Amino acid sequence: MYVLAALSGRGVVCSSQKFGCKLGVMDVFGDKDCQGSAVFWRHIGTCVPGQTVIDSEKFLSSLSVFKINGFEGLVIGSGFEGKYDLLRRANEILPLYASSLSVFKYLESPLLFFETLKSLEIPFPRVNLSADSFEELGPDWILKDLGSSGGLGIKKQTGRKSKSSEYFQKRLPGTAVSLSFFADGQNVVPLGYSKPVATTQSNLPFVFCGLDGPIELIDSIAQEGLKISKLIVQKFKLRGFNGIDFLVSDKSVHFLDLNPRITASFEILQESHSFCFFEKHIHLTRDIPYNLCIPESFPAIKKKIISGFRVIYAESDFYMNERCQKSLFNNKFLTNIPNSKYFFKKYEPVCSVFLRSNTMLELQRALDDKVDFVYNKLSQLT
């Protein structure tokens with residue numbers, strides 16, 4: 001068995017369980033449906049101002065517990081951005097089933113990373129690595145952090161650089177999309193594009209709050225994204241499940257972000273494929289030479305299912321007792337159900353809405369309807 005470590009492990013463990021794949025989980029939320037599907041679970045979270053993050057010492061000590069209990073290896077999701085040294089130490093406890101650790105080292109240095117993209121002639125929105133504050137730039141710039149995820153490291157108009165992993169980037173018109181794929185260090189098998197959804201929280205303009213997919217793109221745009229992905233895969237020797245974010249318009253594709261790990265699209269794209277993503281990820285990252293190549297007979301059977309989810313964030317501080325929770329969380333379209341948690345602070349995730357449909361328009365309308373329903377119920381508690 002293998003253990004998944006991430007900010008939230010529910011999507012991966014629940015979707016993999018349908019294929020008979022049993023996983024251990026370490027995450028920061030410990031949602032009821034995650035713990036109910038994991039064969040073994042450990043809490044690895046800690047609170048810092050504005051968010052909950054992975055606690056390095058809890059993670060390493062928990063990893064040792066999983067090893068004692070017979071787990072074979074570690075797979076990672078979000079929450080390890082900017083933690084190259086932590087992953088290196090983890091790999092000494094349990095084998096890390098992921099791309100080479102060198103790619104995580106690249107992602108700690110904006111200068112090194114963007115110079116590499118330039119050498120590959122990959123287009124990306126202009127970056128400024130020398131400015132320290134927005135005062136030196138115009139209004140169309142944002143401050144980003146390579147060592148963050150979920151939009152929590154993106155700011156606009158206020159703030160100064162405080163970390164070596166931060167940089168300023170010019171905003172361009174277009175739509176953000178994510179391409180998820182399997183790789184073997186050389187080849188790329190696309191699993192589908194998805195469309196992330198963001199919301200604003202205080203001075204954070206792009207906090208991740210959902211995803212829809214797979215989506216259809218103009219063929220020339222889709223192929224350009226695939227071409228860029230292949231260049232990145234071959235340069236960084238990416239293996240297993242990975243994701244790349246792009247900014248697309250009718251005429252152009254710009255690289256935005258690289259996620260060399262399991263991403264939030266895993267669950268919704270798994271819904272539209274008939275083979276187990278997690279097992280394929282293990283196969284492609286296993287450190288055995290003959291396992292590293294994607295076979296020509298790679299399973300590519302797709303089902304006509306479009307899925308999406310929305311994270312429900314607390315709009316203000318509130319308390320929800322056991323009776324109210326039972327009434328609300330009995331709705332089958334809700335996931336990420338809190339476990340023995342009754343007080344929610346403003347901007348904390350409460351739960352998620354997850355739906356499937358046959359068309360993107362039907363899906364988005366249904367998601368809007370269910371999200372409104374949940375927020376209406378929560379408003380009665382504040």
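User: Which residue forms a salt bridge with Lys-18, and how should I read such a pair?

Analyst: A salt bridge here is a side-chain nitrogen of Lys or Arg within 4 Å of a carboxyl oxygen of Asp or Glu. In this predicted model, Glu-271 forms one with Lys-18, and their closest N and O atoms are 2.8 Å apart. The pair links distant parts of the chain, 253 residues apart, since Glu-271 lies in the loop between helix H8 (265-270) and helix H9 (277-285), while Lys-18 lies in the loop between H1 and strand E2 (23-27). Helices (H or I, at least four residues) and strands (E, at least two) are DSSP runs numbered from the N terminus. By the salt-bridge rule the count comes to twelve.

User: What should I keep in mind about the numbering and the model?

Analyst: Residues are numbered from 1 along each chain as its sequence is written, and side-chain values use heavy atoms, with hydrogens and water left out. As this is a predicted model, local features need pLDDT of at least 70 and side-chain atom pairs count only at pLDDT 80 or more, whereas totals for chains, interfaces and linings use all residues.

User: Which domains does the assignment give?

Analyst: Domain bounds come from an automatic or database domain assignment, and for this chain it gives domain 1 (2-97), domain 2 (104-285) and domain 3 (306-379). The centres of domain 1 and domain 2, taken over C-alpha atoms, are separated by 22 Å.

User: How many residues of domain 1 are in contact with domain 2, and how much area do the two bury?

Analyst: Contact means heavy atoms within 4.5 Å, and in that sense 23 residues of domain 1 touch 23 residues of domain 2. Buried area is the accessible area (1.4 Å probe) that two parts lose on being put together, summed over both; for domain 1 and domain 2 it is about 2,000 Å², with 67% of it on carbon and sulfur atoms. Phe-19, Glu-81 and Tyr-84 supply 29% of the area that domain 1 buries against domain 2, more than any other three residues.

User: How many salt bridges does the rule find across this interface?

Analyst: Three salt bridges are found across the interface of domain 1 and domain 2. Elsewhere in the list of pairs, the side chains of Arg-261 and Glu-81 meet in a salt bridge at 2.7 Å, N to O.

User: How are strands joined into a sheet, and what is the order in the sheet of four strands?

Analyst: Strands of a sheet pair through backbone hydrogen bonds, either parallel or antiparallel. Two strands count as paired if DSSP finds at least two bridges between them. Here an open sheet of four strands has the order E7-E10-E8-E9, with antiparallel pairing. Strand E7 (127-128) and strand E9 (155-156) stand at the edges with a single partner strand each, so one side of each is left without a neighbour in the sheet. E7 pairs with strand E10 (residues 166-170) over two bridges, and the bridge partner of Val-127 in E10 is Gln-169.

User: Which strands are at the edges of the sheet of eight strands?

Analyst: That open sheet has the order E15-E14-E11-E12-E13-E16-E20-E18, again with antiparallel pairing, and its edge strands are E15 (253-259) and E18 (334-335), each of which pairs on one side only. Within it, strand E13 (residues 204-215) and strand E16 (residues 306-313) pair over four bridges, with Asp-212 standing opposite Gly-308 in E16.

User: Where is the cis peptide bond?

Analyst: It joins Gly-213 and Pro-214, with omega about -5°, and Pro-214 has its place in strand E13.
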